[in-house]
Amino acid sequence: MRAMVKGFLPFYLFTFLPLSSSAQVGKYRNDFAVGINGGYIMSDVGFEPQVTQSMASGFTGGISLRYVSEKYFTTICSIMAEINYAQIGWKEDIEDKDGNAVINSITGVGEKYSRKINYIQVPIFAHLAWGKEEKGLNFFVQAGPQFGFYLSESTDKNFDIEQINITDRANSTVEQYKMDVENKFDYGIAAGGGIEFSNPYVGHFLLEGRYYYGLGNIYGNSKRDYFGKSNFGNIVIKLTYLFDIVKTKNRLK
């Protein structure tokens, strides 16, 4: 975790540097916009010991806020934040050594298991864009910390935990079935990019993809705990609409 934080810190400082230290050379901006966002989220959990998975799908959506502070040469510099509801979790691939579904001896069907965990997620991004500022297209990159606050969880399974077919499973890790989320606060790093279309009369439309890497764990990871690691990974495809609340006057640009 320390290595990831150290690797990310120079980029994070670089992206925020124009916002704080270049007021003398940057072109003044004072633009504030709010709006809504929604999209598709795919997630898994990095378990140690390993749990064989495929990506679980869910919905994410919420409120977006953006403050543009300046245009530094050709770079439009801003800070963007969101408050989102997100459905994340994991979906297991329960297979034997030959890649076939494991059949439960009681139900006679392939065993299935997934966990859906609902969060309020709050990402805070350094947002850098290049291209048309007021009318037309630009492309952007953004990165920053993200915080998650646990709401609830639910399980979808077709077997009794006490009657699973552990003999035929290629992956025998099943301790997670009996464990609710222990750590209610999640944190990590999110980064991504996309395109934005702006119109002075309609607003701003942003289409983006991003990845989130969790630095926290949903279960305890001390020497006495079963899992040494249990962090989230999320892939998000999202559409955002923003409308201007405060806009820099043309004469100041």
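A pocket is defined on a 1 Å grid over the protein atoms alone, as an open set of points where a 1.4 Å probe fits, with protein on both sides within 12 Å along at least five of seven lines. Lining residues have an atom within 4 Å of a point. Grid points are joined across faces, edges and corners, and a volume is the space filled by probe spheres set on the points.

The model is predicted: local features need pLDDT of at least 70, side-chain atom pairs count only at pLDDT 80 or more, and totals for chains, interfaces and linings use all residues. Residues are numbered from 1 along each chain as its sequence is written, and side-chain values use heavy atoms, with hydrogens and water left out.

By the pocket definition, the largest pocket has a volume of about 210 Å³. Its lining comprises 14 residues, of which K91, E92, E111, K112 and Y113 are the closest to the centre. Strands β4 (75-92), β5 (113-131) and β6 (136-157) each give two or more residues to this lining. By class, the lining holds 8 charged residues (Asp, Glu, Lys and Arg), 3 nonpolar (Ala, Val, Leu, Ile, Met, Phe, Trp, Tyr, Cys and Pro) and 3 polar (the others, Gly among them).

The chain has 1 helix and 9 strands, taken as DSSP runs numbered from the N terminus (helices H or I, at least four residues; strands E, at least two). Their order along the sequence is α-β-β-β-β-β-β-β-β-β. Of the 253 residues, 44% are buried (under 20% relative accessible area; exposed is over 50%, partly exposed in between; 1.4 Å probe, protein chains only). Contacts are heavy atoms within 4.5 Å. Among those between residues at least 6 apart in sequence, 75% join residues at least 24 apart.

Aromatic pairs number 18. Rings of Phe, Tyr and Trp (its six-membered ring) pair if their centres lie within 6.5 Å; planes under 30 degrees apart count as stacked, over 60 as edge-to-face and the rest as tilted. F147 and F185 are stacked, at 6.2 Å centre to centre and 15° between the planes. F147 sits in strand β6 and F185 in strand β7 (residues 185-199), 38 residues apart. F147 is partly exposed, at 30% relative accessible area, and F185 is partly exposed, at 39%.

F159 and Y177 form a tilted pair, because their ring centres lie 5.6 Å apart and their planes are at 55°. Both lie in the loop between β6 and β7, so the pair ties together parts 18 residues apart in sequence. F159 is buried, at 5%, and Y177 is buried, at 6%. Ring pairs also link F159 and Y177 into a cluster with F47, W90, Y113, Y219, Y226 and F227.
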